[in-house]
Amino acid sequence: MANKILEEMLKKASIALDEFRPYTQAQVDECVKAVCLAFKMHAKELAELAVRETGLGDVESKIEKNTGSPDGIWYDLKGKKSVGIIKEDPEQKLKYVAHPKGILASVAPTTNPNVTVIFNAAYALKGRNVLIIAPHPRAKESTLRTCEILNDALEQIGAP
């Protein structure tokens with residue numbers, strides 16, 4: 001059963017990767033911005049869900065973390081090249097060309113089931129990679145909800 005689930009996830013991830021590979025820098029940045037904004041808009045919902053499900057932390061602190069983290073991610077990634085030629089060294093006659101690594105995997109811990117997802121997803125997207133996230137057993141619901149929010153944001157802008 002687990003192998004079938006993984007096979008299906010890898011199949012879908014491979015399709016998404018093929019669809020995402022030709023994205024321009026502007027399209028990639030639109031994806032990153034969309035997931036950051038969507039995450040921030042659901043900050044309270046995700047904080048409450050994570051605390052209720054895991055029994056860890058407090059809602060107010062998680063709301064603060066959930067509203068501030070996407071801004072930090074966006075400002076860190078905004079304007080940075082991650083598609084095509086990202087650097088040139090004329091002296092060495094070198095060009096550095098960015099390309100996707102492929103399908104990445106991440107584990108979302110019980111202690112941080114929401115913020116870990118947005119960080120890993122945003123950085124994966126910036127490199128035109130696809131991410132599969134494995135939730136901790138005690139944080140399945142909040143991790144899944146976070147993924148749904150991010151996937152919905154991508155779907156709304158026509159991204160894979």
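**Reading the model feature by feature**

A: In this predicted model, the hairpin of S1 and S2 has 4 residues between the strands, and lysine 93 there takes a positive phi near 55°.

Q: Where does lysine 93 lie, and is it buried or exposed?

A: Lysine 93 lies in the loop between S1 and S2. Its relative accessibility is 75%, so lysine 93 counts as exposed, the cut-off for that class being over 50%.

Q: In what sense do S1 and S2 pair, and over how many bridges?

A: Strand S1 covers residues 84-89. S1 and strand S2 (residues 94-98) pair in the antiparallel sense over 5 bridges. Within this pairing, glutamate 88 stands opposite lysine 95 in S2.

Q: How are side chains arranged along a regular strand?

A: In a regular strand the side chains alternate between the two faces of the sheet.

Q: Which residue other than glycine has a positive phi near 60°, and where is that residue found?

A: Arginine 128 has a phi near 60°, a positive value in a residue other than glycine. Arginine 128 is found in the loop between H5 and strand S4 (130-135). With 7% relative accessibility, arginine 128 counts as buried, because the cut-off for buried is under 20%.

Q: Which residues is serine 82 in contact with, leaving aside neighbours within four places in sequence?

A: With those neighbours set aside, serine 82 is in contact with Gln25, Val28, Ala98, Lys126 and Arg128. Serine 82 itself lies in the loop between H4 and strand S1. At 10% relative accessibility, serine 82 counts as buried. The side chain of serine 82 reaches the backbone oxygen of lysine 126 at 2.5 Å. Moreover, serine 82 and glycine 127 are 45 residues apart along the chain, yet 5.7 Å separates their C-alpha atoms.

Q: With which side chain does the side chain of threonine 110 make a polar contact?

A: The partner is the side chain of histidine 136, at 2.7 Å. Threonine 110 has its place in the loop between strand S3 (103-108) and H5, and threonine 110 is buried, with a relative accessible area of 5%. Leaving aside neighbours within four places in sequence, the residues in contact with threonine 110 are Thr54, Leu56, His136, Arg138 and Ala139.

Q: Is serine 142 buried or exposed?

A: Serine 142 counts as buried, at 0% relative accessibility. Serine 142 is found in helix H6, where a polar atom of its side chain lies 3.4 Å from the backbone oxygen of alanine 139. Beyond its neighbours within four places in sequence, serine 142 is in contact with Leu46, Leu49, Ala50, Glu53, Pro113 and Asn114.

Q: Which residues does leucine 150 touch, not counting residues up to four places away in sequence?

A: Leucine 150 touches Val35, Phe39, Val117, Ile118 and Ala121.

Q: How many helices and strands are there in the protein chain, and in what order do the elements run?

A: The protein chain has 6 helices and 4 strands. From the N terminus on, its elements run α-α-α-α-β-β-β-α-β-α. The radius of gyration is 17 Å, close to the 15 Å that the globule rule gives for 160 residues, so the protein chain is as compact as a globular protein of that length.

Q: What share of the contacts with a separation of 6 or more joins residues 24 or more positions apart?

A: Such pairs account for 78% of those contacts in the protein chain. Of the 160 residues, 41% count as buried. The accessible surface comes to about 9,400 Å², and 56% of it belongs to carbon and sulfur atoms.

Definitions and conventions
Residues numbered from 1 in each chain as written. Predicted model: local features only at pLDDT ≥ 70, side-chain atom pairs only at ≥ 80, totals over all residues. Heavy atoms only, no water. Contact = heavy atoms within 4.5 Å. Helix = DSSP H or I, 4+ residues; strand = E, 2+ residues; numbered from the N terminus. Buried < 20%, exposed > 50% of the residue type's maximum accessible area, 1.4 Å probe, protein only. Polar contact = N/O pair within 3.5 Å; in protein donor to acceptor, adjacent residues only side chain to side chain. Pairing = 2+ DSSP bridges. Rg over C-alpha atoms; globule rule 2.2 N^0.38 Å. Areas by Shrake-Rupley, 256 points an atom, 1.4 Å probe, with all protein chains shown as cover.
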